[in-house]
Amino acid sequence: MNPYRPAKKRISVTVGQSVRIVRELQELSQNDLSQLTGIPQSTISAIENDRVRLGVERAKVLANALKCHPGVLVFPGWELPHDAVA
């Protein structure tokens with residue numbers, strides 16, 4: 001029997017909220033992230049507030065700067081099917 005069980009999802013987050021959460025967990029300001037990525041701070045703000053779509057290329061750039069997989073940012077609510085968990 002597997003001693004682990006997946007955590008239950010407690011809240012839903014948007015793509016923009018996932019970017020903000022990961023950024024804040026790393027104690028980066030929007031200006032810091034802008035300097036790391038070359039993406040204007042105003043665009044980062046618009047992404048975090050879901051006014052601008054993240055897009056694949058920006059997801060890759062942001063994920064690289066935030067040291068996470070792009071899927072963490074692009075698919076914040078995605079869960080593995082129950083039978084896929086080993």
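Helices here are DSSP runs of H or I with at least four residues, numbered from the N terminus. The model is predicted.

**View 1. Val 74 in helix α5.** Helix α5 covers residues 70-74 and includes Val 74. Val 74 has a relative accessible area of 30%, so this residue is partly exposed. The cut-offs that matter are under 20% for buried and over 50% for exposed.

**View 2. A nonpolar surface patch.** Val 74 also belongs to a surface patch, together with Phe 75 and Trp 78. The patch is nonpolar and amounts to about 350 Å².

**View 3. The buried side of helix α1.** Helix α1 spans residues 15-25, and its buried residues are Gly 16, Ser 18, Val 19, Val 22 and Arg 23. They sit on the same side of α1 because their arc around the axis is only 165 degrees. Their packing partners are α2 (30-37), α3, α4 (56-66) and α5.

View 4. Just past the end of α1, Glu 27 adopts a positive phi. The angle is about 55 degrees.

**View 5. Glu 48 in helix α3.** Helix α3 runs over residues 41-48 and contains Glu 48. Glu 48 counts as buried because its relative accessibility is 2%, and the cut-off for buried is under 20%. Its side chain makes a polar contact of 3.3 Å with the side chain of Arg 20.

**View 6. The surroundings of Glu 48.** Leaving aside residues up to four places away in sequence, Glu 48 touches Gly 16, Gln 17, Val 19, Arg 20, Arg 23 and Gln 30. Gly 16, Val 19 and Arg 23 are among the buried residues of α1.

How values were computed. Residues numbered from 1 in each chain as written. Predicted model: local features only at pLDDT ≥ 70, side-chain atom pairs only at ≥ 80, totals over all residues. Heavy atoms only, no water. Helix = DSSP H or I, 4+ residues; strand = E, 2+ residues; numbered from the N terminus. Buried < 20%, exposed > 50% of the residue type's maximum accessible area, 1.4 Å probe, protein only. Polar contact = N/O pair within 3.5 Å; in protein donor to acceptor, adjacent residues only side chain to side chain. Contact = heavy atoms within 4.5 Å. Patch = residues over 30% accessible without salt bridge, like charges linked within 9 Å, V, L, I, M, F, W, Y side chains within 5 Å. Areas by Shrake-Rupley, 256 points an atom, 1.4 Å probe, with all protein chains shown as cover. Salt bridge = Lys/Arg side-chain N within 4 Å of Asp/Glu carboxyl O. Arc of directions from axis to C-beta.
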